[in-house]
Amino acid sequence: IYYSLSFADIDGSCGNGVVVYLYADNSLILNYVVANNATQLVTFNSSLTLPFSFVEVRVDANANMVCDGTRIILTFTAPNGQVFDMRNNFTTTQPNAQGWSYLMYYTNAKTYTPLTLSSSGTQWIGNVSGGYPFISSSILHPGMTYSTAHPKPLFYCISGLIQYYTSWSLQRLAVIIHDWPHWGFDQKFPDQFPANPNYGGSADMIGLLNTGTALGHLMGLHHNFVDDYPDSPLYNTSDLGTTSNGQYTNAWLNPTTGTQSKQIKIEAQQALANVQLGLINQNYKIRAAYEDVDLSLKPNAYLSW
């Protein structure tokens with residue numbers, strides 16, 4: 001099913017901007033930071049793979065909810081050619097004949113509550129601060145103040161940074177996310193998948209990669225299949241390289257944790273990479289890579305006696 005999603009700030013004189021999310025079922029497809037005064041429409045045209053039971057567009061406050069009305073233009077085109085248009089399908093009943101619903105999402109409780117039709121019949125409104133959030137045929141306004149007790153995670157921030165670079169007309173960047181693995185920076189290699197939950201986990205990682213790809217960039221992740229840390233779930237002495245006297249070869253010493261990794265012998269690197277990269281590519285669909293470090297090593301660096 002094809003979709004076209006456009007959005008822009010409608011009042012550049014005040015507000016803190018919003019974050020627009022697109023979900024298919026519970027899978028994050030993209031997230032985009034709409035800054036205050038970003039009044040030029042930004043458009044994403046792409047497709048979603050069936051089957052899924054629902055698609056959700058969510059607009060959240062970026063810092064607070066004041067003065068953050070956001071223009072939304074959204075259409076879906078089904079394989080049979082049927083078009084679902086947010087503006088043209090706006091009605092005073094929900095869910096309406098085309099399947100649109102107008103809901104308020106409580107982030108902490110992860111629950112949805114139907115909005116109430118305004119007396120004018122032109123908006124669906126909530127109960128926060130006198131009629132927020134609200135949804136009209138082409139405007140969504142958030143209704144919850146963003147909690148500073150739950151700062152935005154790293155993958156979300158990187159997504160915003162890529163959008164910032166794009167706004168300066170930087171095109172077709174090769175973006176390699178380095179600090180993303182499950183256990184943290186240079187920790188418990190070669191175990192890397194899934195993405196670090198403290199940074200937003202797989203959901204935010206997929207949103208980050210989808211956003212960058214939709215903006216025309218090549219998105220990739222840093223990998224390491226040469227260092228084996230003794231606290232890794234994948235640590236296996238049979239994978240380790242040895243010196244001529246039978247000792248395991250030291251690799252990277254993590255200066256933060258003080259943990260000494262051991263060198264993975266070359267014949268084990270490929271097997272570990274096949275498993276980890278298989279999971280990474282299946283779930284994240286990366287499109288870029290960068291050869292790092294190996295080019296500066298001696299040709300015999302990973303030989304094992």
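**Exercise 1.** Over which ring does the charged end of Arg58 sit?

*Solution.* Before we start: this is a predicted model, where local features need pLDDT of at least 70, side-chain atom pairs count only at pLDDT 80 or more, and totals for chains, interfaces and linings use all residues. Residues are numbered from 1 along each chain as its sequence is written, and side-chain values use heavy atoms, leaving out hydrogens and water.

Step 1: know the rule. A charge sits over a ring if NZ of Lys or CZ of Arg is within 6 Å of the ring centre and within 35 degrees of the ring normal.

Step 2: look up the ring. It's Tyr105, with the charged end of Arg58 at 3.8 Å from the ring centre.

Step 3: Lys188 lies over the face of Trp183, 4.1 Å from the ring centre.

**Exercise 2.** Find the salt bridge that Arg58 makes, and say whether its two residues are buried or exposed.

*Solution.* Step 1: the term calls for a side-chain nitrogen of Lys or Arg within 4 Å of a carboxyl oxygen of Asp or Glu. The structure holds 1 such bridge.

Step 1: Arg58 meets Glu56 there, at 2.9 Å from N to O.

Step 2: check the cover. Buried means under 20% relative accessible area, exposed over 50%, and partly exposed in between (1.4 Å probe, protein chains only). Glu56 has 11%, so it is buried; Arg58 has 13%, so it is buried as well.

**Exercise 3.** Describe the ring pair of Phe7 and Tyr32.

*Solution.* Step 1: rings of Phe, Tyr and Trp (its six-membered ring) pair if their centres lie within 6.5 Å; planes under 30 degrees apart are stacked, over 60 edge-to-face, and the rest tilted. That rule gives 13 aromatic pairs.

Step 1: Phe7 and Tyr32 are 5.2 Å apart, centre to centre, with 50° between the planes, so the pair counts as tilted.

Step 2: Phe7 is in strand S1 (residues 2–9) and Tyr32 in strand S3 (residues 27–34), 25 residues apart, so the pair links distant parts of the chain. Strands (E, at least two residues) are DSSP runs, numbered from the N terminus, as are helices (H or I, at least four).

Step 3: both Phe7 and Tyr32 are buried, and together with Phe44 they form one aromatic cluster.
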